[in-house]
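The sequence and structure are shown first.

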Amino acid sequence: MRADLVTDDLWDRVAPLLPPAPERRHRHPGRLRVPDRTALVGVLFVLRTGVAWRDVPAETVGCSGVTAWRRLRDWTEAGVWPRPHAALLTELRCADLPGLDDCSVEGSHVRALKKGDRVGPSPVDRACPGSKHHLIVDRHGTPLAVTLTGGNRHDVTQLLPLLDAVPPIRGARGRPRRKPRCRYADRGYDFDKYRRLLWTRGIKPMIARRGIAHGSGLGTVRWVVERAFAWLHQFKRLRTRYERRADLHQGLLDLASSLICLRRLRTSF
């Protein structure tokens, strides 16, 4: 079994958040339930390799791909995946690691090979069905929130929903943080309406202007969000959207964000 995919520090953070297993029937109990940790190995195997659920090697992973998918579905419907991400962000803040004062936002197109929720004609891929990942990161590239929309949604329409998706990040002292002081974005977000909306929230908009020559200097700050997308899409299941259900793909995005935060927490000590 690929137990190395679910390390002890990851399991210790995820296990308390999982819903309890249903009670086993006394009469005709059937086969034993696959342990949650083994099922999580199957989910991470698909997330990292990008293989189809039916192609998961049960002899290597420890469970079938169908079992892993069903457990992913149950955990997603129970609202599990945003919680370890928020808990890890709190750990990072307690260690004074996240730079929450300056944040950057960006969107990235991914092709959707199957119909489903939040799929639309992509304007950058000959109107092929696609979706968009919208990401906000801190000054170090740590994912604070990631959302999913159809491929035809403009980035600027998700500016405020993405800000609202950032969980309350607690720390050793002070009230939980939910918003940055400055927000950096490229020319796709250059709308005065949204500048005013950010100002009303107490956020300074640092957005490049359209119609001017390149060289605004924001690239020296915004490159961290491009790197974060590279980290996110290292999980091959996220490079192309295969799930018809948007909530399952969103759950995988949240799980990948948690893994990136955990990786940063490990390297800090």
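In this predicted model, Tyr-194 counts as buried, because its relative accessibility of 14% falls under the 20% limit. The rings of Phe-191 and Tyr-194 form an edge-to-face pair. Phe-191 has a further contact: the charged end of Arg-210 sits over its ring, 4.6 Å from the ring centre.

The structure holds two aromatic pairs. The other joins Trp-75 and Trp-81, again in an edge-to-face arrangement. Both tryptophans, Trp-75 and Trp-81, are buried. The geometry of the pairs is set out below.

| Aromatic pair | Centre to centre | Angle between planes |
|---|---|---|
| Trp-75 and Trp-81 | 5.9 Å | 75 degrees |
| Phe-191 and Tyr-194 | 6.4 Å | 80 degrees |

The cysteines may be considered next. How many disulfides does the structure hold? There are zero. Cys-94 is in no disulfide, and the nearest cysteine sulfur, that of Cys-261, lies 13 Å away. Cys-94 itself is partly exposed, with a relative accessible area of 42%, whereas Cys-63 is buried at 4% relative accessibility.

Helix H9 covers residues 246-267 and has 22 residues. From its first C-alpha to its last, H9 reaches 32 Å, close to the 32 Å expected at 1.5 Å a residue. Of its 22 residues, 17 are buried, so H9 is largely enclosed by the rest of the structure.

Key:
Residues numbered from 1 in each chain as written. Predicted model: local features only at pLDDT ≥ 70, side-chain atom pairs only at ≥ 80, totals over all residues. Heavy atoms only, no water. Disulfide = S-S within 2.5 Å. Buried < 20%, exposed > 50% of the residue type's maximum accessible area, 1.4 Å probe, protein only. Helix = DSSP H or I, 4+ residues; strand = E, 2+ residues; numbered from the N terminus. Expected span 1.5 Å × (residues − 1). Phe/Tyr/Trp six-rings, centres within 6.5 Å; stacked < 30°, edge-to-face > 60°. Lys NZ or Arg CZ within 6 Å of the ring centre and 35° of its normal.
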